[in-house]
Amino acid sequence: MCDRSPLTDNVGVAIQTFSVFSLLPACPSCDSEAVVKNGFIHNGKQNHRCQDYGRQFVANPENKIISDETKSLIDKLLLDVREDSDGWHC
Ligand SMILES: [Zn+2]
């Protein structure tokens with residue numbers, strides 16, 4: 001029966017990976033994860049504040065949060081989903 005597609009598993013992993021993007025970044029100075037959102041700076045980017053030292057910083061998602069390794073993992077997962085949707089049959 002077709003009650004469980006392997007495609008669903010891949011999508012679940014991809015969604016979990018994407019959800020990493022919404023996590024708060026660690027402090028770039030002390031690597032603390034005790035970080036809170038602190039409004040937005042003039043260009044609309046999310047500002048953060050480290051609760052350990054009170055230092056404010058703006059995360060750079062291109063360099064800090066999403067590593068090249070993560071990007072290639074997501075590319076691979078999405079590729080797997082496409083391949084599965086083409087090749088998977090009941
Ligand atoms: Zn800090």
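What follows is a working chat about a predicted model of one chain.

User: OK, what's the secondary structure of the chain?
Analyst: The chain has 3 helices and 3 strands. Along the sequence they come in the pattern α-β-β-β-α-α.

User: And what percentage of the residues is buried?
Analyst: Buried residues are 6% of the 90 in the chain.

User: What share of the contacts comes from residues 24 or more positions apart?
Analyst: Such pairs account for 43%, counting the contacts with a separation of 6 or more.

User: Let's do the sheet. What's the strand order?
Analyst: The order is β1-β2-β3, in an open sheet with antiparallel pairing. β1 (35-40) and β3 (56-58) are the edge strands, each pairing on one side only. From one strand to the next, the twist averages 35 degrees.

User: Remind me, how do strands of a sheet pair in general?
Analyst: Through backbone hydrogen bonds, in either a parallel or an antiparallel way.

User: Back to this one then. How many bridges join β1 to β2?
Analyst: There are 4 bridges between β1 and β2, and β2 covers residues 46-50. As for who faces whom, Lys37 is opposite His48 in β2, and Phe40 is opposite Gln46 in β2.

User: How many for β2 and β3?
Analyst: β2 and β3 are joined by 3 bridges and run antiparallel. Arg49 has Gln56 in β3 as its bridge partner.

User: Which residue takes a positive phi in the hairpin of β1 and β2?
Analyst: That's Gly44, with phi near 90 degrees; the hairpin has 5 residues between the strands.

User: And in the hairpin of β2 and β3?
Analyst: There it's Gly54, whose positive phi is near 75 degrees, and again 5 residues sit between the strands. Gly54 belongs to the loop between β2 and β3.

User: Is Gly54 buried or exposed, and why?
Analyst: Gly54 counts as exposed because 7 other C-beta atoms lie within 10 Å, and the cut-off for exposed is 12 or fewer.

User: How far apart are Gly54 and Val35?
Analyst: They are 9.2 Å apart in space, C-alpha to C-alpha, and 19 residues apart in sequence.

User: Where is Asp31 found?
Analyst: In the loop between α1 (6-19) and β1.

User: Exposed or buried there, and why?
Analyst: Asp31 counts as exposed, because it has 9 C-beta neighbours inside 10 Å.

User: Last one, Asn38. Which strand does it lie in?
Analyst: Asn38 lies in strand β1. Asn38 comes out as partly exposed because 14 other C-beta atoms are within 10 Å, while a residue needs 20 or more to be buried.

User: Which residues is Asn38 in contact with, leaving aside neighbours within four places in sequence?
Analyst: Asn38 is in contact with Asn47, His48, Arg49 and Gln56.

User: How far is Asn38 from Arg49?
Analyst: In space, C-alpha to C-alpha, Asn38 and Arg49 are 5.8 Å apart, and in sequence they are 11 residues apart.

Methods:
Residues numbered from 1 in each chain as written. Predicted model: local features only at pLDDT ≥ 70, side-chain atom pairs only at ≥ 80, totals over all residues. Pairing = 2+ DSSP bridges. Helix = DSSP H or I, 4+ residues; strand = E, 2+ residues; numbered from the N terminus. Axes fitted to C-alpha atoms, helices over the stretch in contact; angles between N-to-C directions. Contact = placed C-beta atoms within 7 Å.
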